[in-house]
Amino acid sequence: MPKSRSTVKKPSGKAAIPPIEKTLVINAGIDRVWAALTDEEAIGSWMEDEGVKVNLKKGGKYTLFAGSTTGKFTGIARPKVLEYTWRMDDWDKDAPDTNVRWELEPSGKKTKVRLVHSGFIDRDMRDSHDDGWDVYFLEPMKSWLEAGDN
């Protein structure tokens with residue numbers, strides 16, 4: 001997976017936290033990958049979470065991971081771009097939401113997926129999410145899609 005670009009200095013002199021950037025190819029068509037990212041039933045199946053809620057419209061809300069992750073959809077260009085805010089229930093109430101962007105590109109019967117998660121306030125938060133995206137999101141979703149029996 002590609003590494004994040006070098007740290008950029010903010011005008012205040014503090015270093016900006018680089019976004020998480022991940023790219024993978026999934027052996028499934030773009031419409032199935034889109035559904036795995038946006039359809040309550042599909043997400044609940046690969047995530048093994050009965051509490052998934054998705055109101056897929058700009059400004060619509062979603063809930064994942066038994067309610068521990070919530071946010072609002074900020075951009076939807078089906079089936080190629082999906083953007084939403086991301087908030088964990090254990091974050092300080094004053095901490096800002098982060099931003100997630102998915103970009104999907106068809107490649108024959110496969111789909112190239114690019115994920116960018118930005119807006120972290122500290123390196124520890126960023127690094128824990130970097131591993132979390134692989135373990136709790138990308139790997140199970142890819143495995144579920146490539147199993148083909150869904």
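Predicted model: local features only at pLDDT ≥ 70, side-chain atom pairs only at ≥ 80, totals over all residues.

**Stop 1**

Colour the strands first. Seven of them form an open sheet, in the order E1-E7-E6-E5-E4-E3-E2, and the pairing is antiparallel. Which strands are the edge strands? They are E1 (20–26) and E2 (53–54), each of which pairs on one side only.

Now select E1 together with strand E7 (residues 110–118). The two run antiparallel and share seven bridges. Pick Val25 and look across: its bridge partner in E7 is Lys112.

**Stop 1: two hairpins**

Move to E3 and E4. Their pairing is antiparallel, over four bridges. Select Leu64 and you will find Thr69 of E4 opposite. E3 and E4 make a hairpin with four residues between the strands. In this hairpin, Phe65 takes a positive phi near 50 degrees.

Next, show E4 with E5. These strands are also linked as an antiparallel pair, here over six bridges. How many residues lie between E4 and E5 in their hairpin? There are three. Ala77 has Val81 of E5 as its bridge partner.

Stay in strand E4 and select Thr70. Draw a distance from Thr70 to Thr85. The C-alpha atoms are 7.9 Å apart, across 15 residues of sequence.

**Stop 3**

The whole structure holds nine aromatic pairs. Take Phe73 and Tyr84: the ring centres are 5.8 Å apart and the planes stand at 80 degrees, so this pair is edge-to-face. Phe73 sits in strand E4 (residues 69–77) and Tyr84 in strand E5 (residues 81–88), so the pair ties together parts 11 residues apart in sequence. Colour by accessibility. Phe73 is buried, at a relative accessible area of 4%. Tyr84 is buried, also with a value of 4%.

**Stop 2: a ring pair within a helix**

Select Trp133 and Phe137. Their ring centres lie 4.8 Å apart and their planes make 65 degrees, so this pair is edge-to-face. Trp133 is buried, with 2% relative accessible area. Phe137 counts as buried, at 4%.

Now widen the selection to Trp46, Phe65, Trp86, Trp102, Trp133 and Phe137. Ring pairs link these residues into a cluster.

**Stop 3: the core**

In soluble globular proteins, nonpolar side chains tend to be buried together. Here, the largest nonpolar core has 37 residues. Which residues have the most contacts inside it? They are Tyr84, Trp86, Trp102, Trp133 and Phe137. Elements that give two or more residues to this core are E1, H1, helix H2 (40–47), strand E3 (61–64), E5, E6, E7 and H3. H3 gives the largest share, seven residues.

Centre the view on Trp102. With neighbours within four places in sequence left aside, its contacts include Leu37, Tyr84, Leu115, Trp133, Phe137 and Leu138. Lys80 and Arg114 are also among them.

**Stop 4: H2 against H3**

Finish with two helices. Show the side chains where they meet. H2 brings Ala42, Ser45, Trp46 and Met47. On the H3 side they meet Tyr136, Phe137, Pro140, Met141 and Trp144. Two of these residues, Trp46 and Phe137, are also in the ring cluster from Stop 4.

Key:
Residues numbered from 1 in each chain as written. Heavy atoms only, no water. Phe/Tyr/Trp six-rings, centres within 6.5 Å; stacked < 30°, edge-to-face > 60°. Buried < 20%, exposed > 50% of the residue type's maximum accessible area, 1.4 Å probe, protein only. Pairing = 2+ DSSP bridges. Core = buried A, V, L, I, M, F, W, Y, C linked by side-chain atoms within 4.5 Å. Contact = heavy atoms within 4.5 Å.
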